[in-house]
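Please read the following account with the model open beside it, since it moves from individual strand pairings to helices, loops and single side chains.

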Amino acid sequence: MLLEMNAIPEFVKCLTYKDVDTQLSAARAIGNFAMDSYGRQKLFESKAMAPLVAQLEAKDENGKDAIEPRRAAILAIGKCASDRSSAVELCDIGALSKLLSLMDTHWKQLGQAAEDAVERLLQKSQSAKLWLRGEVDFEDRTSDGWFDMGVGRPYTSLTDLQKETINTNREVLLADASQDNRLKQLVEEVKGECASLGLTQIILDKRDIASTDIKKKCVVKIAEILSQRLGGSILYDKYMDFGYSTEIQRCKQLRKSNVVWVGDLKKAGCRHRAFLFKYLCDLVLPYLCRLERTKIERGAHVGHAWNVVKFFGDVDQEGQQKTYTVDLMHNVGSLYENGTDFNPADEWAAKYQVKEERNATIFLTSHPEEGCVSLHFAGMKLNHGFLVFSSRSLIALKSLFVYLMELFIVTIHQA
């Protein structure tokens with residue numbers, strides 16, 4: 001009845017009053033409106049999200065923190081987050097960041113409520129979940145508008161990211177076939193190839209050996225198509241030679257933005273391939289693919305990501321679900337078993353998943369007879385005037401410069 005009378009704006013206005021009881025009643029009313037999809041849609045259309053987020057910092061008439069109105073606003077946000085459009089908007093206008101700060105507050109009644117609201121937001125906003133958790137799980141089904149802003153920066157809305165001036169910062173990846181025609185063509189190609197392999201809705205619902213075999217073939221086919229589209233494969237030990245930075249800059253210039261449309265890419269690394277693979281799998285093989293990203297924020301493996309797939313009914317001798325890491329870069333299409341309590345993991349699964357930055361050991365050796373010193377750093381050998389890599393290990397350019405300067409000074413002293 002109140003919804004039909006267009007009462008939402010009046011309740012939103014009450015959120016701004018200084019009286020705590022009025023704030024509390026208004027926030028609770030908005031939470032009640034959000035109990036069903038019709039009410040949430042009305043709240044969304046009435047632009048009630050921003051005032052609700054502002055209520056997370058509610059004050060009383062004396063300027064003190066108003067705890068109960070804040071808690072009511074948190075609960076209302078949690079209910080609004082049941083719809084994807086509302087969840088995405090709430091994250092974009094700062095709800096996620098404010099709720100994360102409230103999770104650590106000393107007010108227990110706010111902390112738990114904020115934690116629950118964050119979980120609800122992440123269930124509907126896969127972009128926010130990837131930013132916060134570094135993973136998008138099997139049941140997290142992505143859709144058009146999904147983006148990856150990388151690591152090491154505050155969460156920012158896609159609209160604001162697209163407005164940023166082109167710079168050298170890590171690119172933002174966007175998957176949106178409704179705008180990206182090349183991505184749309186890729187989606188149609190993938191759907192057609194999987195259909196030719198026998199993939200149907202009936203096969204998707206089955207859990208027998210025959211249906212699992214078809215799904216595995218589809219995963220391999222998607223990996224092959226994706227690899228061919230993004231520059232092909234490269235040997236594991238040669239990955240550092242697989243340069244694609246020029247291609248990234250080309251795509252940025254093409255859209256006049258730091259946001260790279262994945263359909264524009266013609267050459268890409270693990271992060272880009274894993275992002276696109278998750279998007280494609282969610283369209284044709286829903287709930288079977290997971291994306292994981294390393295927590296490394298600097299160095300050669302920053303932002304490295306990979307995909308894990310599973311097939312319902314594909315279990316070990318004890319009935320535990322098997323999962324596989326998908327190789328999109330080297331032995332393209334290979335599925336490396338991650339292991340269970342009964343079966344050991346494939347050694348290549350750990351190699352492909354560079355989860356943590358490896359600790360480095362430094363050795364400095366003097367060579368008086370040659371008038372120089374040598375520096376060994378995590379598999380790298382650095383001699384005066386020469387640089388030799390004995391593994392995939394690299395150090396950041398800044399650190400390398402520091403070591404070179406130290407080396408130069410020590411060499412002079414030795415001479």
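Leucine 291 stands opposite asparagine 307, which belongs to strand β6. The model is a predicted one, in which local features need pLDDT of at least 70 and side-chain atom pairs count only at pLDDT 80 or more, while totals for chains, interfaces and linings use all residues. Residues are numbered from 1 along each chain as its sequence is written, and side-chain values use heavy atoms, with hydrogens and water left out.

Strand β5, residues 289–293, is joined to β6 by five bridges, and the two run antiparallel; strands are taken to pair if DSSP finds at least two bridges between them. Five bridges also join β6 to strand β7, residues 321–326, again in an antiparallel arrangement, and within that pairing valine 315 has glutamine 321 of β7 as its bridge partner. The hairpin of β6 and β7 has five residues between the strands, and glycine 319 takes a positive phi near 85° there. How far is strand β6 enclosed by the rest of the structure? Of the 11 residues of β6 (305–315), eight are buried, so the strand is largely enclosed by the rest of the structure. Buried here means under 20% relative accessible area, exposed means over 50%, and partly exposed lies in between, computed with a 1.4 Å probe on protein chains only.

Another part of the chain holds an open sheet of three strands, in the order β2-β3-β4 and with mixed pairing. The edges are taken by β2 (146–148) and β4 (259–261), each of which has a single partner strand, so one side of each is left without a neighbour in the sheet. On average, neighbouring strands of this sheet are turned by 30° against each other, direction ignored. Strand β2 is joined to β3, residues 172–175, by three bridges, and these two strands run antiparallel; tryptophan 146 has alanine 175 in β3 as its bridge partner. In general, strands of a sheet pair through backbone hydrogen bonds, either parallel or antiparallel.

Turning to the helices, α2 (residues 20–33) and α5 (residues 67–80) have axes that come within 8 Å and cross at roughly 10°, the axes being lines fitted to C-alpha atoms over the stretch in contact and the angles running from 0 to 180 degrees between N-to-C directions. The contact, meaning heavy atoms within 4.5 Å, is made by Val20, Gln23, Leu24, Ala27, Arg28, Gly31 and Asn32 of α2, together with Glu68, Pro69, Ala72, Ala73, Ala76 and Lys79 of α5. By class, this contact of α2 with α5 has seven nonpolar, three polar and three charged residues; Ala, Val, Leu, Ile, Met, Phe, Trp, Tyr, Cys and Pro count as nonpolar, Asp, Glu, Lys and Arg as charged, and the others, Gly among them, as polar.

Helix α3, residues 37–45, contains arginine 40, which counts as buried because its relative accessibility is 11%. Leaving aside neighbours within four places in sequence, arginine 40 is in contact with Phe33, Ala34, Met35, Lys79, Cys80, Ser82, Asp83 and Ser86. Lysine 47 lies in the loop between α3 and α4, and with a relative accessible area of 64% this residue is exposed. Its phi is near 55°, a positive value in a residue other than glycine. Most residues other than glycine have a negative phi. Lysine 256, placed in the loop between α14 (245–255) and β4, likewise has a positive phi, of about 55°, although it is not a glycine, and at 60% relative accessibility lysine 256 counts as exposed. Alanine 50, in helix α4 (residues 49–54), is partly exposed at 43% relative accessibility; alanine 50 and alanine 95 are 45 residues apart in sequence and 8.7 Å apart in space, C-alpha to C-alpha.

For the chain overall, there are 17 helices and 12 strands, and 47% of the 415 residues count as buried. Among contacts with a separation of 6 or more, 59% are accounted for by residues 24 or more positions apart.

Definitions and conventions
Helix = DSSP H or I, 4+ residues; strand = E, 2+ residues; numbered from the N terminus.
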